[in-house]
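Visitor: Please show me the model, then take my questions on it in turn.

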Amino acid sequence: MKSLEELKAIRDKMQGAVTLRNESEAGTRIVVGMATCGIASGARPVLVALSDAVAEKKIEDVAVTQTGCIGLCQYEPIVEVLQPGKEKITYIKMTPEKALEVIDRHIIGGQVISEYTIGNVLK
């Protein structure tokens, strides 16, 4: 960073990301587990991939947020999709690539990717 203008540009960009994550305005919430176990397993790149994809694709009515411990450390990184009137979907062992699939197939296409869900493991 070399100037105050660069700092302001970064602030403005991040302000947009924070607004994107405002839960009160969204019908669909995408929640990433960001406790120590999640971060150690790669949750931060998953969170970034989800946030960037929602912004780039201009998907409205979706908030990407983070939470603490979800309680399933062996399945981290974990992403939960909560949509009004639908059952919560818990995706496990996520990667940035899988996260982009979730955006395209589940959020945009309406199709749960069952092979990535906790339900697939518990069968």
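This is a predicted model: local features need pLDDT of at least 70, side-chain atom pairs count only at pLDDT 80 or more; totals for chains, interfaces and linings use all residues.

Visitor: In what order do the elements of the protein chain run from the N terminus on?
Guide: The protein chain has five helices and four strands. Helices (H or I, at least four residues) and strands (E, at least two) are DSSP runs, numbered from the N terminus. From that end the order is α-β-α-α-β-β-β-α-α.

Visitor: Among contacts in the protein chain between residues at least 6 apart in sequence, what share joins residues at least 24 apart?
Guide: Contact means heavy atoms within 4.5 Å. Counting contacts between residues at least 6 apart in sequence, the share that joins residues at least 24 apart is 63%.

Visitor: Why is strand 1 largely enclosed by the rest of the structure?
Guide: Buried means under 20% relative accessible area, exposed over 50%, and partly exposed in between (1.4 Å probe, protein chains only). Strand 1 covers residues 28-33. It is largely enclosed because the number of its six residues that are buried is five.

Visitor: Which residue of strand 3 is the bridge partner of R29?
Guide: Two strands pair if DSSP finds at least two bridges between them. Strand 1 runs parallel to strand 2 (residues 62-67), with six bridges. Strand 1 also pairs with strand 3 (residues 79-82), antiparallel, over four bridges. There, R29 has as its bridge partner L82.

Visitor: Which residue in strand 2 is the bridge partner of T28?
Guide: T28 lies in strand 1 and is buried at 10% relative accessible area. Beyond four places in sequence, its contacts include D61, V81 and I107. Its bridge partner in strand 2 is V62.

Visitor: How long is the polar contact that joins the side chains of E80 and K88?
Guide: E80 lies in strand 3 and is buried, with a relative accessible area of 12%. A polar contact is a pair of N or O atoms within 3.5 Å; within protein, one must be able to donate a hydrogen and the other to accept it, and residues adjacent in sequence count only if both atoms are side-chain atoms. For the side chains of E80 and K88, the distance is 3.4 Å.

Visitor: How far from the centre of the ring of Y116 is the charged end of K98?
Guide: A charge sits over a ring if NZ of Lys or CZ of Arg is within 6 Å of the ring centre and within 35 degrees of the ring normal. The charged end of K98 sits over the ring of Y116, and its distance from the centre is 4.9 Å.

Visitor: Which peptide bond is cis, with omega near -10 degrees?
Guide: The place to look is the loop between strand 2 and strand 3, where P77 lies. With omega near -10 degrees, the cis bond runs from E76 to P77.

Notes: Residues are numbered from 1 along each chain as its sequence is written. Side-chain values use heavy atoms; hydrogens and water are left out.
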